[in-house]
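Please set out what can be said about the fold, the ligand surroundings and the local backbone of the protein shown here.

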Amino acid sequence: MKLGVVLRVLGDRAQVRSGEEILSLRPKGVLRDGGLLAGDEVEISGEHITKVRPRRNELGRPPVANASLLLVVATLRDPAVQPSDVDRLLLQAAAVGLPAVLVLNKSDLATAEQLCEFAAPYRAAGYAVVETEAICREGVAQVRGALPQGLAVLAGPSGVGKSSLLTALTDIAVEVGAISARLRRGRHTTRSATLYELGEGRLVADTPGFSALELPLVQPWRLRDLYPEFGGRECRFSDCVHRAEPDCGVRDAVDRGLIDQGRYERYLRFLAEIEGRPPQWH
Ligand SMILES: Nc1nc2c(ncn2[C@@H]2O[C@H](COP(=O)(O)OP(=O)(O)OP(=O)(O)O)[C@@H](O)[C@H]2O)c(=O)[nH]1
Ligand SMILES: [Mg+2]
Ligand SMILES: [Zn+2]
């Protein structure tokens with residue numbers, strides 16, 4: 001029996017790194033129907049993947065297993081960032097205990113002031129924020145410096161420059177797509193999550209852009225635990241969800257400008273969204 005790491009799943013085949021080899025293998029049985037993710041550690045027998053090792057974590061969107069870091073990529077322009085998309089990705093990472101870094105790419109298309117203003121609430125929440133210009137590799141060394149051992153996953157909407165960043169980080173040329181001139185959005189150039197090797201036990205995954213994002217599967221009252229800036233605030237009730245309860249330390253911090261108003265308002269919207277899901281989805 002050999003061991004390997006799934007670099008990419010394509011139809012009924014998976015590309016797997018095993019030792020010095022890259023193999024094209026067939027998943028067996030249940031693994032064939034979506035049971036296998038890029039990042040999975042697998043057991044190999046002959047031409048077949050016979051077993052998936054237990055996952056340390058698993059992201060839904062993008063579909064990747066065993067990540068060590070999530071790189072949330074956003075751009076102020078082309079496409080214009082939706083802060084709720086950024087928040088949803090950060091929540092997904094927090095829900096599986098994964099650290100996250102916010103990468104503001106296309107820094108050439110925004111002023112330093114605009115970048116600072118967008119980054120401020122995230123920096124205040126405790127997230128590292130890196131500004132990059134992938135095409136001329138500005139800021140890319142800083143991203144590389146943030147990469148841990150294991151797998152870092154590039155995630156974010158289509159057209160923000162995930163594949164461009166992958167190329168800047170690894171020198172591996174991957175397909176990059178033009179932004180639609182009319183819609184100012186990407187065209188979903190990258191089609192499947194793929195792992196690339198940086199050496200020294202570090203890997204980076206390029207993933208397809210997405211247009212709608214799920215909130216993590218958590219109980220409504222657990223959502224608050226996924227916001228680092230809510231930590232350490234004193235509330236009268238220990239089960240306070242920081243909405244309408246009296247003596248709420250989080251609302252107080254929002255009123256005093258210590259927690260970003262926008263992040264808080266989106267939190268309330270997400271809370272209502274989770275409460276509105278059928279109970280088995282919590
Ligand atoms: N101005 C500017 N353009 C950039 C930068 N980085 C990438 N681009 C351009 O943005 C467009 C989209 O880049 P991609 O790397 O394909 O974006 P992506 O996030 O991989 O998109 P999908 O694969 O569709 O999810 C391309 O035309 C890139 O040349 C940057 O820092 N500045
Ligand atoms: Mg891409
Ligand atoms: Zn509270």
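Asp-171 is found in the loop between helix α4 and strand β12, where helices (H or I, at least four residues) and strands (E, at least two) are DSSP runs numbered from the N terminus. Asp-171 is exposed, because 9 other C-beta atoms lie within 10 Å; a residue counts as buried if 20 or more other C-beta atoms lie within 10 Å of its own, as exposed if 12 or fewer do, and as partly exposed in between, with C-beta atoms placed from the backbone. From C-alpha to C-alpha, Asp-171 and Leu-198 are 9.2 Å apart in space, and they are 27 residues apart in sequence.

This is a predicted model, in which local features need pLDDT of at least 70 and side-chain atom pairs count only at pLDDT 80 or more, while totals for chains, interfaces and linings use all residues. Residues are numbered from 1 along each chain as its sequence is written, and chains are lettered from A and ligands numbered from 1 in the order in which they are written.

Seven of the nine residues of β8 (67–75) are buried, so β8 is largely enclosed by the rest of the structure. Strand β8 pairs in the parallel sense with β11 over five bridges and, also in the parallel sense, with β9 over six bridges, two strands being called paired if DSSP finds at least two bridges between them.

Ala-155 has its place in strand β11 (residues 150–155) and is buried, with 30 other C-beta atoms within 10 Å. Although Ala-155 and Val-64 are 91 residues apart in sequence, they are 10 Å apart in space, C-alpha to C-alpha.

**Ligand 1**

Which residues come nearest to ligand 1? Of the 25 residues around ligand 1, these are Ser-158, Gly-161, Ser-163, Thr-190 and Gly-209, a residue being near a molecule or strand if its C-beta atom, placed from the backbone, lies within 6 Å of it. Helix α4 (residues 162–170) gives the most to this shell, with three residues. By type, the shell divides into eight nonpolar, 12 polar and five charged residues, where Ala, Val, Leu, Ile, Met, Phe, Trp, Tyr, Cys and Pro count as nonpolar, Asp, Glu, Lys and Arg as charged, and the others, Gly among them, as polar.

**Helix α6**

Helix α6 (residues 261–275) has 15 residues and reaches 21 Å from its first C-alpha to its last, close to the 21 Å expected at 1.5 Å a residue, the expected span being 1.5 Å times one less than the number of residues. The buried residues of α6 are Arg-263, Tyr-267 and Phe-270. Seen down the axis of α6, these buried residues fall within an arc of 70°, so they line one face of the helix; the arc is that of the directions from the helix axis to the C-beta atoms. An α-helix has 3.6 residues a turn, so residues three or four places apart point the same way. The face of α6 turned away from the buried side carries the exposed residues Gln-261, Gly-262, Arg-269 and Ala-272.

**Backbone details in loops**

| Site | Feature | Angle |
|---|---|---|
| Arg-61 to Pro-62 | cis peptide bond | omega near -5° |
| Asp-78 to Pro-79 | cis peptide bond | omega about 0° |
| Lys-106 | positive phi, not a glycine | phi about 60° |
| Glu-200 | positive phi, not a glycine | phi near 55° |

Pro-62 is placed in the loop between β6 (58–59) and β7 (64–65), whereas Pro-79 lies in the loop between β8 and α1 (83–95). Lys-106, in the loop between β9 and α2, is buried, with 24 other C-beta atoms within 10 Å. Glu-200, in the loop between β12 (194–199) and β13 (202–206), counts as exposed, with 7 C-beta neighbours inside 10 Å.
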